[in-house]
Amino acid sequence: MRRGQRWMTAVFVVGIGGVFVFFMGWGAPSGRGPSTVIEVGPHRFGVREFERERARRDAQFQEAYGAEYDAEALQATVEGLAVNSLVERALLALEAQRLGLRASKPEIERIVLGSPIFRDESGRFDRDAYASWAEYEYGNERLFLRDQRMGLLATKMLRLLRESSRVSQAEARETTRRNLEEVRFTWVGLDARALPADFEVDDAQIQQTLAERGDEARRLYEELDELYDVPEQVRARHILLRVEPGADEARIAEVQQQAEAALERLRAGADFAEVAEEISEDPGTRRKGGDLGFFRRGQMVAPFEEVAFAIEPGTLSGAVRTDYGFHILRVEEHRDAVNRPYAEVGEELALELLGREAARAAARATAERLIEAPRQGTRLADAARREGLVVERTGWLRRRAGGVVPKLGAAPELLAAVFTLEAGQAAPRVFEVGDKLVVAELRERKEPSAEEVEAKLAETRQELVQQRRNAEFEAWVGRRRNELLERGELAVNLQLVSR
């Protein structure tokens, strides 16, 4: 429904990481041919090689995510991974050659002869099938065998790099102990946005703030554009009855008739939310009674948007046809556009700046008092209650990725600091977590038993080896890449690729 809604993009980008971006955006290769897409020293990959690798990456995502995979939204990600793969393979092959590693003809023959795609029904190697496939995929057998040789050299070099990664038993044991160690602690969060009860400013302070801190006020104006520059919006509910792409006229008429029947129920007094939950085929809004929330022009497909902004709140639309099927709309609320220029709201912005500063200063002062209390023999919880604050106590927690603390969220610095404390000791500083200032005190620490450590030791060591291999490989690729870049022997030109 919403234009440009590509929620899967975030999932892919977060999961993949950012390594591939190092290879994007370079100038055209110096090349020895007009179709060179990637140049890595003496190795050159043309459009055919790049398209083959891109198709392989695309197929992997298709298999993993099925109908949810959005190829258009993730085009740059897939292309980046394809570039990354080809560059890494060439770098590994170059290093293998420099070290004297070889990819012999018998080794390559064993790879080709062992491939199931070149065998007939009886299991014998099919020379004609091999030749046809190599010509179709690579242009000729020579280029195919060259690719196999590079791949074999890259594999040998990668194996050599991996074998150089070591993790000692002592390191694995200490990491295992740290991973299994648990703590329970008390924390108090102070809202750094809450104005103190005695906050007051006069007109002179506001005018002085505008005169001396105009740049800050203008930045705040831009930050708060959702208050001062808001386009026209509507909040609507809808019921969707889907029409499959390519459906024939009979199917379209059938779905339209279902929509008209639903309209009759609604006009007769049926509750819109209940009907939406019963028959709507939009999984994103069905359980919410069809509620789409507020949206502005340009966020929805055109026919839907035109009707939504045309009808009055509380009224029903007819059956609206879009590429998704037939919709029935009811507009719940209509908000007019708001446009308040900076000159009109300057004093409000100055007051907001002064209020934010006062709120943070008050929260900081309270937090510092709380930190000092345990040093004077008062428990954090007791000091917080005297301040009228809510005290939170965690259950047993281990070190965890992202440093998530229940009821608080991601607080990696806080969680790391708590593990350095002794029981009854407060963290020596205030931590900023979102809009909160947080202080913490360790209540109890629990060390793992020797048996627990031994049970997890092998698994931890394997994970550490893999982490070290990945880190060392990434560092190695970075060094080799930079060396070739400095010599002008590494370049990427995706302008040659059809998109």
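Biologist: What does helix H12 lie across?
Modeller: This is a predicted model. In it, helix H12, residues 272–279, lies across S5, S7 and S8. H12 runs at about 40 degrees to S5.

Biologist: Which strands does helix H11 touch, and what makes that a contact?
Modeller: Contact means heavy atoms within 4.5 Å. Helix H11, residues 249–267, packs on the sheet and touches S5, S7 and S8. The direction of H11 makes about 165 degrees with that of S7.

Biologist: How do you know that S5 and S8 pair?
Modeller: Two strands pair if there are at least two bridges between them. Strands S5 (233–242) and S8 (325–335) have 10 bridges. So they count as paired, in the antiparallel sense. Within S8, Gly 325 stands opposite Arg 242.

Biologist: What is the order of the strands in the open sheet?
Modeller: The order is S6-S5-S8-S7, with antiparallel pairing. The 4 strands form an open sheet.

Biologist: Why are S6 and S7 called edge strands?
Modeller: Strand S6 (291–296) and strand S7 (316–322) each have a single partner strand, so one side of each has no neighbour in the sheet. From one strand to the next, the twist averages 40 degrees.

Biologist: Turn to helix H6. How does its reach compare with the expected span?
Modeller: H6 covers residues 141–163, which is 23 residues. From first C-alpha to last, H6 reaches 33 Å, close to the 33 Å expected at 1.5 Å a residue.

Biologist: What makes Asn 140 a cap for H6?
Modeller: A side-chain oxygen of Asn 140 lies 3.1 Å from the backbone nitrogen of Arg 142. The cut-off for a polar contact is 3.5 Å. So the pair is within the limit, and Asn 140 caps the N-terminal end of H6.

Biologist: Which residues of H6 are called buried?
Modeller: Buried means under 20% relative accessible area. Among those in H6 are Leu 143, Phe 144, Asp 147 and Met 157. Their cover includes strand S2 and helices H3, H4, H5 and H17.

Biologist: How many residues has the largest nonpolar core?
Modeller: That core has 38 residues. Ile 38, Val 40 and Phe 50 have the most contacts inside it. Among the elements that each supply at least two residues are S1, H6 and S15. H3 gives the most, with 10 residues.

Biologist: What does Val 40 touch?
Modeller: Its contacts include Phe 45, Val 87, Leu 91 and Leu 484.

Definitions and conventions:
Residues numbered from 1 in each chain as written. Predicted model: local features only at pLDDT ≥ 70, side-chain atom pairs only at ≥ 80, totals over all residues. Heavy atoms only, no water. Expected span 1.5 Å × (residues − 1). Buried < 20%, exposed > 50% of the residue type's maximum accessible area, 1.4 Å probe, protein only. Polar contact = N/O pair within 3.5 Å; in protein donor to acceptor, adjacent residues only side chain to side chain. Axes fitted to C-alpha atoms, helices over the stretch in contact; angles between N-to-C directions. Core = buried A, V, L, I, M, F, W, Y, C linked by side-chain atoms within 4.5 Å. Lists of a residue's contacts leave out its neighbours within four places in sequence.
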